[in-house]
Amino acid sequence: MDDDATGSPEGYAGFQLARALAAAQHADASVRAGAAKRLRQWAAVMRGRADGSVTTGSRTPIANAPAWATPEVVTGGFATGALLAGGPLQAHERSLLAQVAPHVPEADARRALNSFFLTDKGIERLQALLASGRFGIEVPEEGALLVVAGLLRAGEANEAWALVEPLSPWLSELRFYPAELREPRTHGELLWVDDVATVTRRLREVKANAQILAQKEAVEVWAPLHDRMAALMLETVHGDAPMALRTADGAWQRDQAGSFTVTGGWPCVHYPQDWCERASALLDHYRQLRAEHQRCTRPEREGDSFSTLREGLQRCVDVPESLTGREVGRIRLVLARQVAKHGLPDSAGRAALRQHQRAQTGGATFQQIARQLAVRLEVFRPDEGLEDIASVVAPIGADEAATSGLPAATPVPPSLQRKVGRAQKGTAAQLVERGTIPSGEVLAKVLPQWTAALRAADVADPALRTLHAALYRAFRRRRSLLLLDLQRQVQFDELPWVRAMERFRSKDDHASRHAAMQAMTGASQLALAAFPHTILPNKLLQELRSLADAAGLKLPLVEEVAADIFTGRFSPKFVAAAKVAAGMLQGSLYARYYGIDCIALIAMPMPAEKPNTDAKRDALSLLCAARADLQAGVQADAWSVARNGMVIEQAQILTAHNLAVLFAELGLGERMAAQLPGMARQCFEWICAQLQVAVDKRHARLIQIKNAAHAWRQMVFFLSLCEAQDVGTFLAWAKTHIDEQGDEFRCLFMPAVSGLAAAVGARDSNVSPFVGWSQERHWLMPDSLATR
């Protein structure tokens, strides 16, 4: 992947603002609404950067706000300056304010509500919520006073009031109290991707297909009007109705001059009594219909049979003598063709045609069906998943047909079934098997439901265990910030009220550690087996890191570093991960293919936990830069996104980007031995398919190349753990598979396969490995996109 961006935070923010401005002009109201929100957010980002109230790259980006306060974060990790527990009062807050402090002005509402929950009556209310589990926490701050109530219930008064101290400066701005629910939320090992409320909202957002609506309008509105116009015009024919003749093969018959052969009389010859009045009424009806129905463009098509009849009727009503012979001939031909194809307007053939057309277009639209599914979901809890979706996606019943206007027995289309299926409960493995979890990113979104229970397993008190799990789930919704200078994202246990709950953990945590270890192992196996071609996304690594902490493991799991903000240094955990990889892969195909000096890497000294942030380089980044420079002849002191990407990619190679750590520490090599050859094949098939997807933008091709290189690296890692005979079988299969892709792709990509084959079984290999980043034009970049 070569240079494709400036890497400037200001440039990125300006780009996003420009995109939002363009989307604000979209014809779709929902798109405009989303664009308006993004405009507000990105304008706030730029204002905050300009006036110094927001510091991009800091773990405390908002001036004077503590690290534990949840910031509003937009794409790229930019803070807008807003806090998610602040902002306008929510509906449940207004209701609560009316109960406990009805005369307090809205400007003072938060302080009044927080103060109420610090009174005896408010504490009792919080303790009742805690005992019943009937509380909802969307951002972690909303659980702070519940922890205070729990501490007081446990007799820890000093600790409770000590916790209030860091919250005090923010009592007038932030919600430290939860929403009250009618029923407690239940969470266990069964997971779901979207809750019922989310699925319901998305179903209500389904729009009808514009093309289908235009077709329905054509059949239901304009076709009957077309028949009525034709019938009126046929009344003006002298003699038999005109009829166009066909040849033996069904084509329209023409004379020697090329004109269509038509028999029968001519229109516009005589006008029955009250004909003009009836024609005028029909034309008025057309104008009324046109004002109401705008989807179908046929009535406006110049030269179309519909417009020919309509304009002919208008001329016959206004000034019939002004019609030329050519114009009357055109009207006659339109009538002749229609009669020949479908019969007279009142014939059985024409009636059958229209009935068939109505049957084809008269079915329910996806929008109508989606709204009925949303009605079905109203009986379920909005904040949970569904045990079974069969009743929700069943065909429309007779009772529903009577109230919804949908035909009885209307089936639910597969696309809408999939939307509902996102709420169906299941284990993580079941959701992956169903396709409900299609990627590591979605798996990362779902896992906190499971991880939360494991993290809270050793909290002895059941009510506090439920609270701890709810806080964790809310914290995991917190978006990561863009950080510079090796700063670390705010951690869950940095929240003061979470730290205060540590006293309630059982000292004997063996069972919870074992459960966390099992969960981490299972989640890692699932992600790697289901999505072997993709690197573990940062959000998923957060969950694995959390499970590792709960299991008492300190694993050097390393996130993917963004090339446009890389400052040239790696944190100590990257060195630790590289040492694990070197120890595991020494003498392997992976080490030979990528030319890794494992002995030197093992001997590399570990940097200090708090490295000198003034230093431009560390030992690992220098090594990665040297490896990248040797491959591409890059200037050592040059800065560019591409050069950063090359250095980062070398770090991913040296660390095997978390694969070595997980396989070495969790014993995945033995657990997944039988799956590894198949996983390598999946990677290769995906790479071949990915690189053959046609794109018309250079940036899109760069992303393809980078992702293909990630998949290739994972494939080489898996092969390195396979038996020699399995590797030989794989290479033979890969050559056959690439031959099947066609000559063009085989010629393009065969050098990569040949390079891998050369590294197999060789003690030393001088092959050039397939990498994704290059400061020069990448060898997989086609000529047509090289300069776009």
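This is a predicted model: local features need pLDDT of at least 70, side-chain atom pairs count only at pLDDT 80 or more; totals for chains, interfaces and linings use all residues.
Local features are reported at pLDDT of at least 70 and side-chain atom pairs only at pLDDT 80 or more, while totals for chains, interfaces and linings use all residues. Residues are numbered from 1 along each chain as its sequence is written, and side-chain values use heavy atoms, without hydrogens and water.

On a 1 Å grid over the protein atoms alone, a cavity is a set of points where a 1.4 Å probe fits but cannot get out, a pocket is an open set with protein on both sides within 12 Å along at least five of seven lines, and lining residues have an atom within 4 Å of a point. Points are joined across faces, edges and corners, and a volume is the space filled by probe spheres set on them. Three cavities of 30 Å³ or more were found in the whole structure. The largest cavity has a volume of about 50 Å³, and its lining includes Arg 59, Pro 61, Leu 83 and Arg 478. Eight nonpolar residues (Ala, Val, Leu, Ile, Met, Phe, Trp, Tyr, Cys and Pro), two charged ones (Asp, Glu, Lys and Arg) and one polar residue (the others, Gly among them) make up this lining.

The second largest pocket has a volume of about 830 Å³. Of its 28 lining residues, Asp 195, Lys 445, Gln 449, Arg 473 and Arg 477 are the closest to the centre. Helix 18 gives the largest share of the lining, five residues; helices (H or I, at least four residues) and strands (E, at least two) are DSSP runs, numbered from the N terminus. By class, 14 charged, seven polar and seven nonpolar residues line this pocket.

What of the aromatic rings? The structure holds 30 aromatic pairs, that is, rings of Phe, Tyr and Trp (its six-membered ring) with centres within 6.5 Å, called stacked with planes under 30 degrees apart, edge-to-face over 60 and tilted for the rest. Trp 222 and Phe 306 form an edge-to-face pair, because their planes stand at 85°, with ring centres 5.9 Å apart. Since Trp 222 lies in helix 9 and Phe 306 in helix 11, the pair ties together parts 84 residues apart in sequence. Trp 222, at 1% relative accessibility, counts as buried (under 20% relative accessible area, with exposed over 50% and partly exposed in between; 1.4 Å probe, protein chains only). Phe 306 is also buried, at 0%.
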